[in-house]
There are 2 protein chains.
Amino acid sequence: MQTLPRLILASGSPRRRELLAQAGILFDVETFDVYETVGAELARDVEDHPDQVYRIPMELSRRKALAGAAAYENRWILGADTVVCYDGEILGKPADAAEALDMLCLLSGRVHTVITAVTLLRRQGKALQERAFYEETRVEMYETDRKLLQAYIQTGEPMDKAGAYGIQGRGAILVRRIEGDYNNVVGLPLARVYRELDALCREGAAIAGQSEYLEPGRPG
Amino acid sequence: MQTLPRLILASGSPRRRELLAQAGILFDVETFDVYETVGAELARDVEDHPDQVYRIPMELSRRKALAGAAAYENRWILGADTVVCYDGEILGKPADAAEALDMLCLLSGRVHTVITAVTLLRRQGKALQERAFYEETRVEMYETDRKLLQAYIQTGEPMDKAGAYGIQGRGAILVRRIEGDYNNVVGLPLARVYRELDALCREGAAIAGQSEYLEPGRPG
């Protein structure tokens, strides 16, 4: 709708692709190998201050965007990282069906949070332009009996999902209500991404305009 | 996952179809012509008591399910109706681009509610089994300038949508956060539908089991 720059999505997630396409944002996909363990200092900080858990996906989203910016100049790179948190712990992807059941039993009947951090980054020579943000969504799960959870795990859907469920798939039937952005739980705070990109473009236009005004004799 | 009955979806909405399919609920689609204006008494009641606005989609979802039950015996019919409410008023589908812009300007930067009512109904001879419920979701919109709203209207998406936006489409970029069930805003409170159907089946099984127990000599 607006003329936004064509992004490079530094993520292999098909869900993030679908979301960008849903908003009509143009993009290319490039995946980069990024070390997904955070440093000991940050890990310790977050252990001491569980309310700072957002710093972990912020760090990982930045690594992904930086890997993209190393490879591409003059393009906006989007790096994103999603974590599912319960009681100060980050729940990763389940290793097997037993771990998926443990996670789903833990979340059943309770409220957890999903944080997606996004880094937008553009390199021009050695200079980096950057905008980073995160959104947090509270997710309340229905209390669900083990039999239904086991049937859900049988579908295979939980195995590649942090927290062992996909809200955009059959996992929808586990979720009673959310508070916050839905797409953030799917993997990208789409509205916020659109608006931040739009703001970056306006700022870019404003800077270009101002520069022309200050240097009127400069060739166009 | 569970063995739920194969429904008849008494709705032409492609979004409701997609949601049932997402949860793995089997269904056939049949649309029925239903008079979509509620009686004067109910309209007056709701005007006097805006907190009872849910009674209108409840009534309309029941009409749709009844039309289905008149045509089909021994099948669970799902009727649903969604309304978008702001400040005690129901916002319908916009008649044209100007009305769409009025609606979107009204909702911009504010909170409105979306109510979807569902009636599940099965006729056996002249007897009706019925379960009806509704879910309410609060939707907070970003403050959005007219230029972007006009560009959104240009995509054509608002024209067949109550409230002039589709949260599952490009309209996602207008929504800051929700409180409640997301799929309810799309058009069907999917998790609740699944759980109510599951409960109906368990009750059915319990009644069948009890009946067998009470009449042990009855042929199977």
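**Strands, contacts and an axis**

Biologist: How many bridges join E6(B) to E7(B)?
Modeller: E6(B) covers residues 127-141 and E7(B) covers residues 175-180. Strands are DSSP runs (E, at least two residues; helices are H or I, at least four), numbered from the N terminus. Two strands pair if DSSP finds at least two bridges between them. E6(B) and E7(B) run antiparallel, and the number of bridges is four.

Biologist: What kind of model is this?
Modeller: Residues are numbered from 1 along each chain as its sequence is written, while chains are lettered from A and ligands numbered from 1 in the order in which they are written. Side-chain values use heavy atoms, without hydrogens and water, and local features need pLDDT of at least 70, side-chain atom pairs count only at pLDDT 80 or more, and totals for chains, interfaces and linings use all residues, as this is a predicted model.

Biologist: Which residue of E7(B) is the bridge partner of B:Arg138?
Modeller: The two strands here are E6(B) and E7(B), which run antiparallel. In E7(B), B:Arg138 has as its partner B:Glu179.

Biologist: Which residue in the hairpin turn has a positive phi?
Modeller: Strand E5 (residues 111-124) of chain B runs antiparallel to E6(B), with 14 bridges between them. One opposite pair is B:His112 and B:Val139. Two residues separate E5(B) from E6(B) in the hairpin. Phi is about 65° in the turn at B:Gly125.

Biologist: What area is buried between chain A and chain B?
Modeller: Contact (heavy atoms within 4.5 Å) takes in 36 residues of chain A and 36 residues of chain B. Buried area is the accessible area (1.4 Å probe) lost when two parts are put together, summed over both. Carbon and sulfur atoms give 56% of the area between these chains, which is about 2900 Å².

Biologist: Which residue of chain B meets A:Asp145 in a salt bridge?
Modeller: A salt bridge needs a side-chain nitrogen of Lys or Arg within 4 Å of a carboxyl oxygen of Asp or Glu. Between chain A and chain B there are two. In one of them, at 3.4 Å from N to O, A:Asp145 meets B:Arg202.

Biologist: How many nonpolar residues has the side of chain A that touches chain B?
Modeller: Helix H5 (146-154), strand E7 (175-180), helix H6 (182-186) and helix H7 (190-214) of chain A each give two or more residues to that side. Nonpolar means Ala, Val, Leu, Ile, Met, Phe, Trp, Tyr, Cys and Pro; charged means Asp, Glu, Lys and Arg; the others, Gly among them, are polar. Nine are polar and eleven charged, and the nonpolar count is 16.

Biologist: Which residue of chain A has the C-alpha nearest the axis?
Modeller: Copies are superposed by least squares on C-alpha atoms of residues with pLDDT of at least 70 in both. Chain A goes onto chain B by a rotation of 180° with 0.0 Å of shift along its axis (RMSD 0.0 Å). That is the relation of a two-fold axis. At 2.2 Å from the axis, the nearest C-alpha in chain A belongs to A:Glu179.

Biologist: Why do the copies meet through the same surface?
Modeller: The comparison is between the interface residues of chain A and those of chain B. The surface is the same because the share of interface residues of chain A that are also interface residues in chain B is 100%.
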